[in-house]
4 protein chains.
Amino acid sequence: MIKVAINGYGTIGKRVADAVAAQPDMEVVGVSKTRPSGEAYIANERGYPLYIADIEKKPVFEQAGIAVAGDVEEMLKKCDIVVDATPGGVGKANKAIYELFNVKAIWQGGEKHEVAGISFNSSCNYEDAYGADFVRVVSCNTTGLCRIIHLADEAYGVKSVFSTMVRRGSDPGGIKKGPVDAIVLNPVTIPSHHGPDVNTVLPTIDIVTTAMIVPTTFMHMHVIRMELAREASRDGVLDLIRKHPRIGIVKGASGITSTAELRELASDMNRPRGDLWESCVYEDSVSVGTNNELYLFQAIHQEADVVVENVDAIRAMMKAADTAEESIKMTNEALGFSAI
Amino acid sequence: MIKVAINGYGTIGKRVADAVAAQPDMEVVGVSKTRPSGEAYIANERGYPLYIADIEKKPVFEQAGIAVAGDVEEMLKKCDIVVDATPGGVGKANKAIYELFNVKAIWQGGEKHEVAGISFNSSCNYEDAYGADFVRVVSCNTTGLCRIIHLADEAYGVKSVFSTMVRRGSDPGGIKKGPVDAIVLNPVTIPSHHGPDVNTVLPTIDIVTTAMIVPTTFMHMHVIRMELAREASRDGVLDLIRKHPRIGIVKGASGITSTAELRELASDMNRPRGDLWESCVYEDSVSVGTNNELYLFQAIHQEADVVVENVDAIRAMMKAADTAEESIKMTNEALGFSAI
Amino acid sequence: MIKVAINGYGTIGKRVADAVAAQPDMEVVGVSKTRPSGEAYIANERGYPLYIADIEKKPVFEQAGIAVAGDVEEMLKKCDIVVDATPGGVGKANKAIYELFNVKAIWQGGEKHEVAGISFNSSCNYEDAYGADFVRVVSCNTTGLCRIIHLADEAYGVKSVFSTMVRRGSDPGGIKKGPVDAIVLNPVTIPSHHGPDVNTVLPTIDIVTTAMIVPTTFMHMHVIRMELAREASRDGVLDLIRKHPRIGIVKGASGITSTAELRELASDMNRPRGDLWESCVYEDSVSVGTNNELYLFQAIHQEADVVVENVDAIRAMMKAADTAEESIKMTNEALGFSAI
Amino acid sequence: MIKVAINGYGTIGKRVADAVAAQPDMEVVGVSKTRPSGEAYIANERGYPLYIADIEKKPVFEQAGIAVAGDVEEMLKKCDIVVDATPGGVGKANKAIYELFNVKAIWQGGEKHEVAGISFNSSCNYEDAYGADFVRVVSCNTTGLCRIIHLADEAYGVKSVFSTMVRRGSDPGGIKKGPVDAIVLNPVTIPSHHGPDVNTVLPTIDIVTTAMIVPTTFMHMHVIRMELAREASRDGVLDLIRKHPRIGIVKGASGITSTAELRELASDMNRPRGDLWESCVYEDSVSVGTNNELYLFQAIHQEADVVVENVDAIRAMMKAADTAEESIKMTNEALGFSAI
Ligand SMILES: NC(=O)c1ccc[n+]([C@@H]2O[C@H](COP(=O)([O-])OP(=O)(O)OC[C@H]3O[C@@H](n4cnc5c(N)ncnc54)[C@H](O)[C@@H]3O)[C@@H](O)[C@H]2O)c1
Ligand SMILES: NC(=O)c1ccc[n+]([C@@H]2O[C@H](COP(=O)([O-])OP(=O)(O)OC[C@H]3O[C@@H](n4cnc5c(N)ncnc54)[C@H](O)[C@@H]3O)[C@@H](O)[C@H]2O)c1
Ligand SMILES: NC(=O)c1ccc[n+]([C@@H]2O[C@H](COP(=O)([O-])OP(=O)(O)OC[C@H]3O[C@@H](n4cnc5c(N)ncnc54)[C@H](O)[C@@H]3O)[C@@H](O)[C@H]2O)c1
Ligand SMILES: NC(=O)c1ccc[n+]([C@@H]2O[C@H](COP(=O)([O-])OP(=O)(O)OC[C@H]3O[C@@H](n4cnc5c(N)ncnc54)[C@H](O)[C@@H]3O)[C@@H](O)[C@H]2O)c1
């Protein structure tokens, strides 16, 4: 059993913990929090030993009826590998302690590529992470772009990509971040930094991205235009997507035309937390122009798509599965997940 | 086994179907839809026979890969009781056909009291529905008001109630209804119609309500002020709430101060669809003034609180449980539900 | 003086009325409403004779203290030209009566091209409307696209355009339309109908568009990618925009990165209703790729950009100005409008 | 001429500057900013000398084409009185420098009562500020509560007040603050701090308030319930409101039922920035219960209602008008403002 610790039991961390706990070859040896919160109670309920960043706060937790197992250092002693899911920018500072305790570590997309030197997406570059000590799972948006671009590139060759990402302003459980009523260019400059981030996984892709933030919580929406090198057809592309274990299709017949209806469907399917681990391509949007330009919309569940990637990253780094296919299959099956 | 049909498999209907299917003494003999949709696929997946309002549309469903069992009349032939969860105002027109097929029927809060003559909340007036043919389960807001007012009334006597309801503009899966950026008085006039609706269940309560709609999807929020006849204490009120099977407490130590964080918690608890069947009283808000005025905030999950009430209404009407306590216990246990 | 009637005194109509009233060569002879409302009081205050669609409702208006001048037919008798700003789809049915009363007519973008046979944007095809009886001013989005594409096309030649439009869900004064929390593909299919609509004004442009709706009220946002035929530079493009009378530049130094801050600026500038009649290109977004692809973001104030186009259309149809330049100059000066 | 400086030219400061500039007995000698922004350009355009907090940033402003007159200390040398409209909590620290430069000062509601020792609302306690050196104009919400409570108290005697404030999450020009999709209790505890804040102006009023934040930008909404000591009638109350120079009535016949439509009306009226300096009571909401409980809804334009109060505070402190009536009349007339 691979002993996994999750440092930072928040939006991403709590999902990674549950996904790890569901795997036959992994166990959660601890999760960490900084403050009492609804999530801390959940950690207790799930039976995940709860460690805290600052042990002096132990009485505060206990007064709230939350059991504390120790501090983060103790957690690190117990694990083979740590998934760092602290807020963006915080994780970097933890590298020293991970080295000190000699544990492998995975960071999230809120950290820079340099923190690990290897940026990861299981469908694209599983082998790069094989046996590695430090890996960064790219952000939710980059994950979504990498999956579909790599798929198209393998099949048809991708000459260039232009994508606009319309991003959710806040996660559904957030109450502080806005905007309330605005479309915010983030960044104003074109291209945005998302293209270069794709290049940390797929270095040869020619990509220009633009991004904005809007007042919604459920998912990001990507508009993608790719110039393909070889002839493609709409049906061919849809077939490829259908076979991909991490990209799903939003059927035209479902009548679903939005992010909200899509999350409603996931919720109706009894997915835990209504999570969509797959990229969701709208069937009716897929079209191929006369010069082999491929167009499509895909919705990305920001809280979920990277979760399964973290599980695969663990396997790659621990050499617990030799190929991406093998790990992806194990991960998906353990979650009862087959793409919509 | 009580044979239950659900006419109108939408926001409320799909939840009632799952709750009924979970009961040891009930089974879902059919659900109905008017158009192919994400929900129709779910009905098939769950194994609920899917009936359609207009049988001429059968080919449209089948082309979308959705199996159809027949028309609504055939569904009515198979059931002892039908839960009508068609959109507000539509249900009334179905009464004639329910009478024709000689089935008992339950309507939702979108219909007027007169459609059934009995308005129902299991914690308040279970006995009124005992053996009845037609019952209306009151709306989500009225359900939330009835539960807490009746509890306070039994314990302390309620001299008067003043409540403001801040309502969600649209359900999370909705994309058409607004507002986008407005506070809408609905109605502008004071008092609103919600007070008289409470009186259909609790006829003697002196209540004034006001209501508005805001751009949010997750839950309604109620501010309640009750003048109590007998002396009350904050701790006493909290104790009463803790014992109530359908009212939960949002712990101060959880740090939760909003509707969004509360739904996040329900989602983390793996509640199906993140549903909160209970009214959710914010612990830190409960306070008692010098003249025995009780103040509190409670959040109401509009899509969920009436679901368990529908299950109890079925039992009352079918005389399948003699008391509210018995039915509530069965309903809650079958769902694995104990209030937060 | 050109006698102008405005049929449909709503979001667009009330702005056109004020813009017409400000012109030295035009006067408002009447505006029309169907129901008493805040806007009806404003018409009275401004001194615009108020006509009503259904004269039987006169008492309802008068009881509300709103003076009524007569019915729409009487209004049509008094005017040379009517601007139809009734809700999308309603205007078409009015054509017969305009023909009957022998008045020239302008429709808005909510009507199909066929209603008039000429679709108009003053910077692009003023001459097509010269002396015409029926003209359609294209929608706010199409107006925004036409202005910038035509500008680039004249200067550099436009080989192809790809644009994504992120549209506001509701106008700020609206309370019914959503979405509250969703990104809605509208339409799901790619390309959207906006490209062909651009072609009604600029028939030779090769354009693919995609569109979605988000929960905001202030403005639409366009991401535009154009392949240019001839070499272009960022500075060259910015210079062209600076000289355009209907396209403004959102200065980088202003720190403005959103639609909301932009409307705040217009409001601070004391523009009536905070209106931005110009397309607003974000200076920092303008960039030119290695293959002469031009990228930029522009914000479009949906309620305002077509207003000045309507004024120019009146002049063209009435032969009151011989060239676009002349009319645009008159319109802008009368409004005290010079692009940001 | 009273020489007025505005320290902090943001949402409130820019409005106070324009209102001061419109007064016959006052002039704006300077406004201050910390960073280049859209508002800094506006200050230049209006001809308000622009001072900056940190003079080392002068080149940054000048590079952006914004003229700088000097630093804040120089501004203070030129004025008789300073209106501090820096962000909440910042203003307090400025007290020392105001004392040093021997200028009178006004703070806003984001500061505590203690900063000035006198909390002000011109309709309630003008005389308390007469000749004073330091005054705090209470917050937008407290201003709204004070106006109506004092009016009712003078006419009927107010025995108790219970009010719920549904507050906007962000100002319309804001892009950072949320929530996006939540109702946030702020605070969770009942009563909120707004009641005691009313008591800084009206010390004897018995008041309990509750407050929450919702995802909207335009206005706050107050639900108010007052127990009156003496018999009141709906018409009597409406008459009183009609005569009040700072409370307006939203006519039932206007069809306006929301905050958004109300701001649209103000915008249509050509109010600068669409500002509603008056509290806006919804005519149809005003009702009186059998025990003389007065109920009403009022909308409060958070950015505007305190602006006119600042102008009156200046006159009181400078002894430029002897009574509230006199100052209010001057202020309103100079702005062309009569309540809706
Ligand atoms: N939320 C998303 O949509 C999303 C998507 C993909 C990637 N990411 C990335 O995942 C990472 C985590 O983001 P998140 O949204 O889950 O954040 P979050 O704020 O929801 O959770 C962070 C958790 O870390 C804990 N924490 C904070 N400081 C800590 C410390 N010093 N030590 C230990 N724990 C600490 C907090 O208690 C919290 O539970 C970031 O890099 C982010 O960019 C987030
Ligand atoms: N959504 C809520 O928050 C909520 C809460 C409490 C009570 N209610 C009440 O529950 C009832 C249902 O509301 P909902 O929100 O579930 O509506 P919904 O629109 O989500 O679902 C209604 C369903 O009825 C089906 N339908 C429509 N017309 C039909 C017909 N003629 N015959 C059969 N089926 C038909 C539709 O296909 C749809 O699936 C209403 O009375 C409503 O007022 C709703
Ligand atoms: N609102 C926008 O952002 C926008 C932008 C560009 C173009 N348009 C187009 O402008 C047109 C008007 O749109 P709007 O947003 O101003 O609509 P609106 O609903 O704000 O106003 C329409 C007005 O027409 C009146 N009306 C309705 N039926 C009528 C009838 N039969 N006869 C006379 N008057 C009638 C209504 O009272 C209302 O005042 C539509 O074609 C729309 O597509 C709208
Ligand atoms: N915005 C509202 O709705 C509202 C309503 C009533 C009262 N208030 C109160 O008014 C005050 C100002 O709020 P606001 O909303 O106008 O804030 P804001 O952030 O819009 O404006 C504050 C301005 O102060 C400037 N500033 C910041 N630090 C400064 C410093 N050290 N020295 C000089 N200038 C500085 C900023 O550049 C900015 O222009 C606060 O006390 C607030 O609580 C605000």
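Let's start with the residue classes: Ala, Val, Leu, Ile, Met, Phe, Trp, Tyr, Cys and Pro count as nonpolar, Asp, Glu, Lys and Arg as charged, and the others, Gly among them, as polar. By that scheme the shell around ligand 4 has six nonpolar, 11 polar and three charged residues. What you're looking at is a predicted model, where local features need pLDDT of at least 70 and side-chain atom pairs count only at pLDDT 80 or more, while totals for chains, interfaces and linings use all residues. Residues are numbered from 1 along each chain as its sequence is written, chains are lettered from A and ligands numbered from 1 in the order in which they are written, and side-chain values use heavy atoms, with hydrogens and water left out.

Stay with ligand 4 for a moment. There are 20 residues around it, and D:T11, D:I12, D:K33, D:D171 and D:Q302 come nearest (a residue is near if one of its heavy atoms lies within 4 Å of the molecule). Now for the polar contacts, meaning pairs of N or O atoms within 3.5 Å; within protein, one must be able to donate a hydrogen and the other to accept it, and residues adjacent in sequence count only if both atoms are side-chain atoms. An oxygen of ligand 4 sits 2.6 Å from a side-chain N or O atom of D:K33. For the side chain of D:T11, the distance from a ligand 4 oxygen to an N or O atom is 2.8 Å, and for that of D:R168 it is 3.1 Å. On its own, ligand 4 exposes 830 Å², and the protein buries 78% of that (accessible areas come from the Shrake-Rupley method with a 1.4 Å probe; for residues, only the protein chains shown count as cover).

Over in chain A, ligand 1 also has 20 residues around it, with A:T11, A:I12, A:K33, A:D171 and A:Q302 nearest. Its shell divides into six nonpolar, 11 polar and three charged residues. The side chain of A:T11 has an N or O atom 2.8 Å from an oxygen of ligand 1, while a polar backbone atom of A:G110 is 3.1 Å from a ligand oxygen. Where does ligand 1 lie relative to domain 1 and domain 2 of chain A? It lies between them, because domain 1 (2-138 + 306-335) and domain 2 (140-300) both give residues to the shell; the domain bounds come from an automatic or database domain assignment. Chain A's α1 (11-21) and β2 (26-33) each supply at least two shell residues, with helices (H or I, at least four residues) and strands (E, at least two) being DSSP runs numbered from the N terminus.

Chain B holds the next stop. The 20 residues surrounding ligand 2 include B:T11, B:I12, B:K33, B:T34 and B:D171 as the closest. A nitrogen of ligand 2 is 2.8 Å from a side-chain N or O atom of B:D171, and a ligand oxygen is 2.9 Å from a polar backbone atom of B:I12. Domain 1 (2-138 + 306-335) and domain 2 (140-300) of chain B each give at least three residues to this shell.

Finally, look at where chains B and D meet. Here 38 residues of chain B are in contact with 38 residues of chain D, contact meaning heavy atoms within 4.5 Å. The two chains bury about 3200 Å² between them, 71% of it on carbon and sulfur atoms; buried area is the accessible area (1.4 Å probe) that two parts lose on being put together, summed over both. In chain B, the residues losing the most area to chain D are B:D181, B:I183 and B:I190, together 20% of what that side buries.
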